[in-house]
Amino acid sequence: MSATLDSLLDLLDLERIEQDIFRGRSRSAVVPRVFGGQVAAQALVAAGRTVPADRSAHSLHAYFLRPGDPGAPIVYSVDRIRDGRSFTTRRVVAVQHGKPIFHLSASFQAHEDGMDHQAAMPSAPDPETLPTAAEMLPRYADRFSDPRMVDRLLEARAAVDLRYVDAPPFATAGEPREPRSQVWFRTHGKLADDPLLHVCMATYVSDMTLLDSVLLAHGRGGWAIGDVVGASLDHAMWFHRPFRADEWLLYDQQSPSASGGRGLGQARIWTAGGKLAITVIQEGLVRVPRD
């Protein structure tokens, strides 16, 4: 296991400070606020720690309310909404400086058998044939006005092996493309056999590239380039089948709409073996900076 992955796992290991109240820390991000995937993953950890071990997360719905301060702890308060015979529901509010910055509702289900079908997995190249972030990012160093940006991006993603199938938005800024993006990802090291941990890790990664397809449609390079400003507004995930976040997962993303200063991204996450593991939908604030 890499030292960076170990640090991320430590970040997700929340401190219990009272019954159903947890405290988390933050790590540096590319933008000067708490990374949204981190808050979502930590909130899901908090919810999961109040749920029986035989119930797995099957969905989450969340809203990003305020930018998070990376220099201050985040307090997660869990509300035990419902404990039914098959389903358990939790609501989590993340608070900083006395104000809510994030709200999540998550549902957990006891295992049961039922009808089973899925869409076909899209085609994608073998992830082992694609360049790593360390190989790919330096090629585009001249695209960033900040000479430290490549190092900052590598640091922010060091716990995850994330490989683009096609060029990322910042590589083709100024050239509108089909609003679709694919990346393969897995953690840089093995994880424990805890289903909640794998779900939380996928939640963490899901916020990294989901709005790329919005940017591609308009030929925008993204936050690192500085030709757009924005933030995640809401995020929803459905966990369909078991998966491991330390094994290759294909993140197939597209954008069906952008309007009113908002862009919508929707995606499916597949195992390398072709199983549909997760569906993700996110809307983000995407604005063109004023001169």
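Predicted model: local features only at pLDDT ≥ 70, side-chain atom pairs only at ≥ 80, totals over all residues.
Strands here are DSSP runs of E, at least two residues, and helices are runs of H or I, at least four, numbered from the N terminus. Two strands pair if DSSP finds at least two bridges between them.

Quick housekeeping. Residues count from 1 along each chain as its sequence is written, and side-chain values use heavy atoms, without hydrogens or water. Local features need pLDDT of at least 70 and side-chain atom pairs count only at pLDDT 80 or more, while totals for chains, interfaces and linings use all residues.

Now zoom in on E2. It pairs with E4 (residues 74-83) in the antiparallel sense over four bridges, and Arg23 stands opposite Val75 in E4. Contact means heavy atoms within 4.5 Å.

What does Thr203 touch, beyond its neighbours within four places in sequence? This residue of helix H5 (195-206) is in contact with Gly37, Ala40, Ala41, Leu44, Leu60, Met237 and Phe239. Thr203 is buried, at 0% relative accessible area. Buried is under 20%, exposed over 50%, partly exposed in between, with a 1.4 Å probe and protein chains only.

Two loops next. Most residues other than glycine have a negative phi. Asp20, though, has a positive phi of about 65°, in the loop between E1 (15-18) and E2 (21-24). His97 has one of about 50°, in the loop between E5 (87-96) and E6 (99-110). Buried or exposed? Asp20 is buried, at 10%, whereas His97 is exposed, at 62%.

Last stop, the pocket lining. In the largest pocket, 37 residues form the lining, with Gln109, Phe239, His240, Arg241 and Pro242 nearest its centre. A pocket is an open set of points on a 1 Å grid over the protein atoms alone, where a 1.4 Å probe fits, with protein on both sides within 12 Å along at least five of seven lines; lining residues have an atom within 4 Å of a point. E3, E6, H5 and E9 (229-239) each supply at least two lining residues.
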